[in-house]
Amino acid sequence: MVSDSGLHATYLGPILERHGYAATSLLQILREAQEHYGYIHPSAISYISVKLGIPRARIEGVAGFYSFLHLRPHGEYRVLFSDNITDRMLGSQPLLEEMCRQLWLQQGKVSEDGLVSINTTSCTGMCDQGPAMLVNGRAITRLTQQRVQEIGQLIRNRTPLSDWPSDFFAVDDNIRRSGPLLGNTLAPGAVLSTALTLGSENIIEEIKQSGLRGRGGAGFPAGLKWEACRNAPGEARHVVCNADEGEPGTFKDRVLLTRQADLVFEGMTLCALAVGAQHGYLYLRGEYRYLLEPLQAALQRRRENKLLGKNILGQPGFDFDIVIHLGAGAYICGEESALIESLEGKRGVPRNRPPFPVTHGYLQQPTALDNVETFCAAALAIHMGAEKYRAIGTPKSSGSKLISVSGDCPRPGIYEYPFGVSVREVLADCGAVNTRAVQVSGPSGVCVAASEFDHRLGFEDLPTAGAFMVFDDSRDLFEVARNFVHFFAHESCGFCTPCRVGTALLKQTMDKIAAGHGTQYDLHEIENLDQVLQTSSHCGLGRTACNPVLHTLRHFRPAYESRLKSLEFKPAFDLDGALARARQMTGRDDAGAHLKTEGA
Amino acid sequence: MSKKLRVATTSLAGCFGCHMSALDIDERLFTLLNLIEFDRSPLTDIKHCGRCYIGLIEGGVCNAENVHVLREFRKNCKILIAIGSCAITGGLPAQRNHLDLGSCLTEVYLTEPGLAHGYIPNDPELPLPLDKVHPLHEVVKIDYFIPGCPPSGDAIWKFVTDLIAGKTPELGHGLIKYD
C-alpha cells in the first residue's frame, strides 16, 4: 500500500517543484494542491509543511483566510451563487433555493454523499450578465430556472465540468460605448518602442504631465508614484498589477484583461522601464480563474516577440517578466498592502501604512502597484503624448474612465467616457428610466439620489473606481444597504476589533430592523457604530463599511423608518417565540410558560 | 451629599464572578457605602428592585425569569449597566446556542446513562429556558457596557465613581480588557 504521504507526494511534488519550494508561493501552491481533491488534505499540509520548512499553523492560517480554500471536504461540485445586490435583483435567491431543493440539500452544507455543496459568495464580477455562479471556480453566467435545472442534472450525473455545454461558461464583454482606451488599435510593442526613445526619466515626466491618476479609486497621481518607486533605495524593484477586482458592481478589469491583455502587459512593462523593475506580478482575482490560460498565452506570445524576457526589443539590460498570481476569494486583497501580503503567500491582512508599498512593497522592496486600467491608461498616455491625453476629461481628472453599468437598465455593460460625464448622461445612455438611486463606486462608494444626478464622475466631484449600479423606483434602498452591510461583515479580514466586531454589529442591527424589531434607538446605534468604524479601523474596509447605511439613511430614511416597530426600545427577537421549544419539550402552557410583550 | 444614591445589582445567566470582582475594590467599599446604598443585590438579599439610580447586571438572558428580572431592573433604574462578557455577548452560557434546546433537555433528563424513568421537569414554578442565550441589550435598552471576564475591581470602581460624580465614565488604558 502506498503510504499517505507518498500518495500526496505524487501530485504535490511537481507543484512544489514548479514553485521552487518558495514559501512566498504558498497561496499558489495551496490553490493548485486543492484542485486534486477539491479540498486541502491534512496529510498534504504535513507534506507541504516539511518540504517548505514552515509550520503547519501558518499553512492552516493561510488556507483558513481565503474563502475559496477548504480544509475539509466541500463536495465534488462546489456551487457558489454570486450574492451581489444586482444578482439578487435578477432573481438569484429563488434560483439558489430551487437548486437546493432539486439536489436535496441545505445551503452551506455538503450533501451526504459528498457530491455537492451550494452556498453564496461575494460579487463575482458578472453583474451585467447575472445571475452568476461559480462551479469549482469556473464562472457561469445568465442563470435561468432551466439552466439551473440542467446544472443540477449534470452534477447528479457526475458529468465532468469539461464536458458541460460551453455556452454556460460564455462571458460577454458587453462594450456599449468605446473611447480612446477600448478603441485603440495599438500593435503590441508600439508603446514600448516610443518609450525606449524617451528613456526612463522622460517617461515619468510624460506620465506626470498627462495628469494620469490611479483608476482603482484613490486617484493617486501615477507619475509621482512611479517616480517615488524609482528613487526609493532597494535591491530590486517590482511592478504589481492589481486585478483583484472585488468591489461589487465592478467588472471593467475583466473586460480589459479579455480584450486588451496586451495593453495591460505593455503598461506594466512600460512602468518597469520607468522605475527600473525586473519582476512583474499580475494579481488576478480567483473569480477570474478562467482568464488564466488566455493571459498565460498572451504572456508567452510577448516573450516570443521579445516584448518580455531578457533585452526587451533588443535593448541591452531591459529585462522584465510577468508572473500571474491567483487570488482565492478575499475582497480585502484589493487593498494594496493586503494584496502584497497575499502575493507573499500570507493571509491578506493590510499592513500599517506608512511605509507605503512604493518604498516597502513586495518583499519590502520598492513596488509600483497600480490598477489594471491605470497601466492601460499609462500606455495610452505615452502613445498619445501628455498634451493630447490631458485634453481628454477635466483639469483634475484627465483621460477617460471605464464605467461598469449594472442593475435596472436595458443596456448594462462597459461604457468608456471622458472624465466629467454626469450621472444623468450615463443613465440616459444605458436606457435607465425611473431611476431612484445609483450606487457609484460600489458599496464603499456613494449612494447618489435623483436630486444629485447632475454630479459628474471625476476626482473633483464624484470619484469612482468604476462601479455604477442602477436602482429604479421598484427597489427598496434599505435592502440594498443591508446587502452591502452583509458583504462588509463577510469580507472583514478580522485583524482589527473595530472592523471585525463593528461590521458584525452593523449587520445584526440591519437584520433586526429587517425583521421588524427595529426602533429609533437602533438608528442611533448605527450612527454610533459608524463613528467607531470610521475613526478606529485599521484600513479602508472598516472606514467605509458604514457608507451604504449612512448614505441611504440620508436620502431614504423613510425606507428605514417604515420598518421600525416603534420609537421606544424593542427586543431584538420574539421573546415568547423563544420559549416555544421549551413549552413543547415540557408540555407546559401555563401563564409562566409565556412572556408577554411589555406594556401589553 | 444629602441623600445616598441607590444601586441594585444582580446576576442572570452569569457565574457571580463579576460580583466577586466588584468586591476586589476592598476597603474602598466603605468609601462607596458613604455615597450609595444597595437596593436589590446579593449583598442585601432584597428580593425586588425599587427605584434606583444605577443597576448593574452580570450574565446574559437564558430563561423567562431572567427576562422578568431584567425588565424589573429596566423599569426601576435610571442607568442600566451590562457588566462582563456574558451580559454583553451571552458569554459562556451562549455556547449552547448552536445546539437545539430540545436535544439538550433530552440528553440531560432522558438519555444520559443512569437516569431511570427520567422526565423533563415541567413544574410551573420553574422558569422555562429560552431557545438561545441572549445578551442583555437584545432584550432591553442598556446604557453602558463594562467589558471583561470579569472586569477588574478597579475598572468597576472607576466606572461607578465616575457615574456618581456625574462624569461620562471612561475606562482608560489598562482598565479596558476583554478577557
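Select A:Tyr415 to begin: this residue counts as buried, because its relative accessibility is 2%, under the 20% limit. The model on the screen is a predicted one. Now display both side chains. The ring centres of A:Tyr415 and A:Tyr417 lie 6.2 Å apart and the planes meet at 5 degrees, so this pair is stacked. The angle decides the label, because planes under 30 degrees apart count as stacked.

Next, select A:Phe478 and A:Tyr560. How are the rings of A:Phe478 and A:Tyr560 arranged? Their centres are 5.0 Å apart and their planes stand at 90 degrees, so the pair is edge-to-face. Colour the helices to see what this pair joins: A:Phe478 belongs to helix 19 (residues 477–491) of chain A, and A:Tyr560 to helix 23 (residues 547–561) of chain A. The two residues are 82 residues apart, and the pair thus links distant parts of the chain. A:Phe478 counts as buried at 0% relative accessibility, and A:Tyr560 counts as buried at 0% relative accessibility.

Other aromatic residues can be visited in turn. Over all chains, the search of the whole structure finds 13 aromatic pairs. Select A:Tyr11, A:Tyr37 and A:Tyr39, which form one aromatic cluster. Then show A:Arg138 with A:Phe169: the charged end of A:Arg138 sits over the ring of A:Phe169, 4.5 Å from the ring centre. In a further example, A:Arg285 lies over the face of A:Tyr288, at 5.3 Å from the ring centre.

Turn now to helix 4 (residues 56–65) of chain A. Its buried residues are A:Ile59, A:Gly61, A:Val62, A:Ala63 and A:Phe65.

Keep domain 3 and domain 5 of chain A in view. At the contact, 11 residues of domain 3 of chain A meet eight residues of domain 5 of chain A. About 790 Å² is buried between domain 3 and domain 5 of chain A, and carbon and sulfur atoms give 75% of that area. Zero salt bridges are found across this domain interface.

The next stop is chain B, which has six helices and seven strands. Along the sequence, chain B follows the pattern β-α-α-β-β-β-α-β-α-α-β-β-α. The C-alpha trace of chain B spans about 60 × 35 × 30 Å along its principal axes. Of the 179 residues of chain B, 46% count as buried.

Finally, display the interface between the chains. The contact takes 28 residues from chain B and 21 residues from chain A. Chain B and chain A bury about 2200 Å² between them, with 65% of it on carbon and sulfur atoms. Select B:Arg71, B:Leu128 and B:Glu138, which supply 29% of the area that chain B buries against chain A, more than any other three residues. The count between chain B and chain A is one salt bridge. To end the tour, select B:Asp100 and A:Arg581, whose side chains meet in a salt bridge at 2.6 Å, N to O.

Definitions and conventions:
Residues are numbered from 1 along each chain as its sequence is written. Chains are lettered from A and ligands numbered from 1 in the order in which they are written. This is a predicted model: local features need pLDDT of at least 70, side-chain atom pairs count only at pLDDT 80 or more; totals for chains, interfaces and linings use all residues. Side-chain values use heavy atoms; hydrogens and water are left out. Rings of Phe, Tyr and Trp (its six-membered ring) pair if their centres lie within 6.5 Å; planes under 30 degrees apart count as stacked, over 60 as edge-to-face and the rest as tilted. Buried means under 20% relative accessible area, exposed over 50%, partly exposed in between (1.4 Å probe, protein chains only). Helices (H or I, at least four residues) and strands (E, at least two) are DSSP runs, numbered from the N terminus. A charge sits over a ring if NZ of Lys or CZ of Arg is within 6 Å of the ring centre and within 35 degrees of the ring normal. Contact means heavy atoms within 4.5 Å. Buried area is the accessible area (1.4 Å probe) that two parts lose on being put together, summed over both. A salt bridge is a side-chain nitrogen of Lys or Arg within 4 Å of a carboxyl oxygen of Asp or Glu.
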